[in-house]
Amino acid sequence: MAPLNPYTYIQCPCSDSASLGRPTDLTSPTSADGDEDNTFDPRAPRANFSLYPLEYLLYCEDCHQIRCPRCIAEEIATYYCPSCLFEVPSSNLKSEGNRCTRSCFQCPICIGPLSVTSIETPPPSSTLLSPDHAATPHSTYSLICSYCNWSSTEIGIQFDKPNGIHAQLAKLRNGGASRLTAKERKERRKELSHRGGEAAVAAAAAVAANESSGGQDVDLETQFANLKLFCNSQLADPSAADNGFSSLGDLGFSSPSSLSRIMNLYTGGKLHDPRAKSKLGAMREALAADEGLLESNLNESSLITRLHQSDFLDTASSTQICSQPPNLGEPHLHGASRFNSSLRPVPYLLRTKRSKRCPVCRHIISKPEAKVQTTRFRIRLVAGSYIPSISIRRLNLPGPNGPAAPAILGDLLDPLKPVHFLLTFKNPIFESLKVTLGAPATTPGRFPSKVTVLCPQFDIDANTDVWDEALKDNDRESSSRSRRRAGTESQFQVEVGKIWERGRNWVSIVVEVVPASLKLEAGQDVLKEDEDVLEIPMFVRIEWEVENGGDDATSGPGRDKDQKEKRELAYWCVLGLGRIKQG
């Protein structure tokens with residue numbers, strides 16, 4: 001059985017208390033009549049979704065509440081590439097997508113970074129025979145992975161320039177065949193639209209025919225551009241002849257114009273437009289590849305034959321297929337690459353810097369720097385700067401046979417044997433705190449352990465400067481130093497209602513625990529996972545006083561600014577003390 005180091009988790013108040021099996025009252029750890037039904041159960045099914053370490057939590061200064069990663073509202077501040085750290089404007093996301101458009105690519109096999117490497121090709125034989133031309137080799141470039149040695153030359157792609165790799169790759173298919181990019185296709189369609197009439201449609205059809213050598217080689221972008229041009233031309237000419245479903249031509253059900261009419265009912269603002277035509281002409285369907293028609297090819301015999309002739313390692317995994325950019329793989333497979341020889345370099349996915357707001361008051365609780373190169377935050381309200389931290393360590397007291405052996409972190413707990421733990425609360429703020437603790441007499445679960453907090457109420461001094469504390473004559477601090485200087489903790493006895501040790505801004509108290517026995521009786525189920533872990537739910541209430549800051553809510557003509565305002569914070573926490581020994 002692996003030992004378990006002590007830990008402390010804090011419950012965020014945003015969690016649904018009703019889903020945990022019992023209603024939780026944040027004002028008291030137990031009900032008014034003494035019943036402990038309101039005790040937080042750390043073993044509830046949904047308790048794992050509401051407990052976080054202190055380092056994971058934030059704090060809202062306006063609401064004075066703890067905020068976890070589930071209850072905050074995020075806003076995207078900056079888009080950037082994780083490889084080149086280039087900031088991408090949000091306006092470019094719609095046109096260029098959410099990937100880097102520079103020379104940042106990942107290997108499609110091992111997702112490692114690809115580097116641009118020059119490839120020197122020998123000059124043609126005609127220049128070698130001519131004495132007037134110098135025999136200078138021509139340099140081309142490729143993308144090479146330094147981890148798995150994959151190269152873009154394996155798929156027949158080489159580049160003429162070492163920069164602008166994304167733009168060059170968008171113009172090439174696997175094997176080196178050229179293709180029009182979406183931007184170039186849009187510009188060409190725009191130029192043809194100025195010709196007007198049937199000449200523009202005929203010219204656009206000729207361009208579409210030149211882009212593809214047959215209907216099966218048309219990629220998705222070209223198909224969508226052809227189909228969009230065809231639909232726009234049909235909608236612009238409502239008197240087009242119906243070559244499709246003649247019986248439904250009068251109703252217009254066979255054309256996308258019916259969808260346009262339905263959308264106008266909700267977005268146009270007028271259900272009955274007098275300027276609208278009483279009858280819209282039906283439009284025919286796409287009949288050729290230049291009109292956006294793509295015939296499905298269900299014959300995969302060639303792929304099956306290639307699969308039988310290939311090795312298992314030659315096929316692409318599902319992760320590699322999903323990471324491929326759309327519309328850039330094999331055109332007849334709609335971008336789904338089946339083999340490693342069809343995988344293309346993957347552009348880096350853009351990352352974001354996000355600011356976090358409180359969901360109640362919309363106050364900013366975390367805001368990063370705008371520069372991509374820096375990891376600092378302009379605003380960062382972490383909970384560790386507002387609520388005390390709790391550290392746990394084992395405390396061994398002397399027994400009847402002499403001093404006890406020193407405690408080792410992570411030791412297993414003996415059943416039915418009292419053990420003491422030292423809880424140290426450290427105050428991070430510059431005001432003194434009044435802490436009230438509440439814990440159930442027995443822990444929830446099938447194996448209840450007895451818990452006793454020897455000092456449930458105490459005060460913690462403010463977090464002042466270290467040099468100011470050194471100038472003070474604090475008898476309690478000197479006594480605690482003498483106790484630590486004396487040697488071991490086994491020379492002292494615990495007392496009910498008194499703290500164990502006090503420092504500048506921290507206080508240590510003792511908690512006595514009697515672990516339960518894990519022996520299973522007849523008819524009981526087997527021991528579940530982590531059921532031997534001793535976890536104590538503890539209710540923490542903090543009270544402190546702050547000076548009025550002059551806010552509109554707290555200040556007025558009759559309010560005194562020197563008067564202090566009382567604040568409080570209450571939350572549940574779970575203390576994991578270790579594992580109980582079985583047997």
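The lining of the largest cavity is made up of six nonpolar, three polar and five charged residues. Here Ala, Val, Leu, Ile, Met, Phe, Trp, Tyr, Cys and Pro count as nonpolar, Asp, Glu, Lys and Arg as charged, and the others, Gly among them, as polar. A cavity is a set of points, on a 1 Å grid over the protein atoms alone, where a 1.4 Å probe fits but cannot get out, and lining residues have an atom within 4 Å of a point. The volume of this largest cavity is about 110 Å³. Of its 14 lining residues, Arg-43, Thr-443, Pro-444, Phe-447 and Val-533 are the closest to the centre.

Please keep in mind that this is a predicted model, in which local features need pLDDT of at least 70, side-chain atom pairs count only at pLDDT 80 or more, and totals for chains, interfaces and linings use all residues. Residues are numbered from 1 along each chain as its sequence is written, and side-chain values use heavy atoms, with hydrogens and water left out.

Now to confidence: pLDDT is the predictor's confidence in each residue, from 0 to 100. The protein chain averages 76, and 67% of its residues score at least 70.

| Element | Residues | Mean pLDDT |
|---|---|---|
| Helix H11 (lowest) | 475–485 | 49 |
| Strand S7 (highest) | 105–106 | 94 |

Helices (H or I, at least four residues) and strands (E, at least two) are DSSP runs, numbered from the N terminus.

Finally, the sheet: five strands form an open, antiparallel arrangement in the order S6-S5-S11-S12-S13. S6 (87–88) and S13 (377–380) each have a single partner strand, so one side of each lacks a neighbour in the sheet. Strands pair if DSSP finds at least two bridges between them; S5 (residues 73–80) and S11 (residues 351–357) are joined by seven.

Conventions
1 Å grid on protein atoms, 1.4 Å probe; cavity = no way out; pocket = protein on both sides within 12 Å on 5 of 7 lines; lining within 4 Å. Points joined across faces, edges and corners; volume = space filled by probe spheres on them.
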